[in-house]
Amino acid sequence: MRTHTPTARWREDFPVRWDEDNYMTRRELAKFLTLGSGLLAGANVLIAFIGLTRQAPAFPVQRIAAVEDIPRGGSLLFRYPTAEDPCILVRDSGGRFDAFSQVCTHLSCAVVHRPAEQALACPCHKGSFSTVDGRPLAGPPTRRLPRILIEQRGADVVALGIEV
Ligand code: FES
């Protein structure tokens, strides 16, 4: 004679038919983990390949000014590589040209040329950068100004790229 055992309340609310449930065997779990690891390894190889084969961005060659337009100790503002990127070309007393981004590396104010100090000064927080290599000389900036790669071609100074 069978006796009726009362069903627990939770079994009524969450009925699970254990005999119909699909168990995952250890072998199936191992297969799943191996396949997942293989996919991740493949994705890493793909990402590494893309990183190695990606080329540096190409910058336009752009005429900045005629050499004779910039006196020794003078400077000229220009935009490079796009119209949204202000830059400054400086010529020292010896005639050497250097160019840098005009955007201060502290909080992005525009730097101005101070030839007597051989510096590019930022009026916002009294930052200062060298006109020789763009390194910070004073104030809060800690990173140098990005250098614009330039070249003298005939009577002109041209921009070729940005040093990164
Ligand atoms: S923004 Fe140039 S020093 Fe602060």
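Reader: Which residue in β8 does F129 stand opposite?

Author: First, the ground rules. This is a predicted model, where local features need pLDDT of at least 70, side-chain atom pairs count only at pLDDT 80 or more, and totals for chains, interfaces and linings use all residues. Residues are numbered from 1 along each chain as its sequence is written, and side-chain values use heavy atoms, with hydrogens and water left out. On labels: helices (H or I, at least four residues) and strands (E, at least two) are DSSP runs, numbered from the N terminus. Two strands pair if DSSP finds at least two bridges between them. Now your case: F129 stands opposite P136 in β8. Strand β8 covers residues 136-138, and two bridges join β7 to β8 in an antiparallel run.

Reader: What joins those strands, and where is the positive phi?

Author: They make a hairpin with five residues between the strands, and G134 takes a positive phi near 80 degrees.

Reader: How do I read which way the residues of β7 point?

Author: The general idea is that side chains in a regular strand alternate between the two faces of the sheet. In β7 (residues 127-130), G127 and F129 point one way, S128 and S130 point the other way, and all are buried. Buried means under 20% relative accessible area, exposed means over 50%, and partly exposed lies in between (1.4 Å probe, protein chains only).

Reader: How many disulfides does the structure hold?

Author: The test is a distance: a disulfide is a pair of cysteine sulfur atoms within 2.5 Å. The structure holds one. C109 and C124 form it, with their sulfur atoms 1.9 Å apart. The link is left-handed, with -95 degrees about the S-S bond. It ties distant parts of the chain, 15 residues apart: C109 is in the loop between β4 (97-101) and β5 (112-114), and C124 is in the loop between β6 and β7.

Reader: Are C109 and C124 buried or partly exposed?

Author: One of each. C109 counts as buried because its relative accessibility is 19%, while C124, at 39%, counts as partly exposed. As for other cysteines, C104 is buried at 3% relative accessible area, and C122 is buried at 4%.

Reader: Which strands pair with β10?

Author: Strand β10 (residues 156-162) is joined to β1 (residues 62-66) by four bridges, running antiparallel. There, the bridge partner of Q62 is A159. Strand β9 (residues 147-153) is joined to β10 by six bridges, antiparallel again, and L149 has G161 as its bridge partner. The hairpin of β9 and β10 has two residues between the strands, and G154 takes a positive phi near 65 degrees.

Reader: Zooming out, how many helices and strands does the chain have?

Author: Two helices and 10 strands. Along the sequence, the pattern is α-α-β-β-β-β-β-β-β-β-β-β. The chain is more spread out than a compact globule, because its radius of gyration is 33 Å, well over the 15 Å that the globule rule gives for 164 residues. That radius is taken over C-alpha atoms, and the rule is 2.2 Å times the number of residues to the power 0.38. The C-alpha trace spans about 115 × 35 × 25 Å along its principal axes.

Reader: What percentage of the residues is buried?

Author: Buried residues make up 27% of the 164 in the chain.
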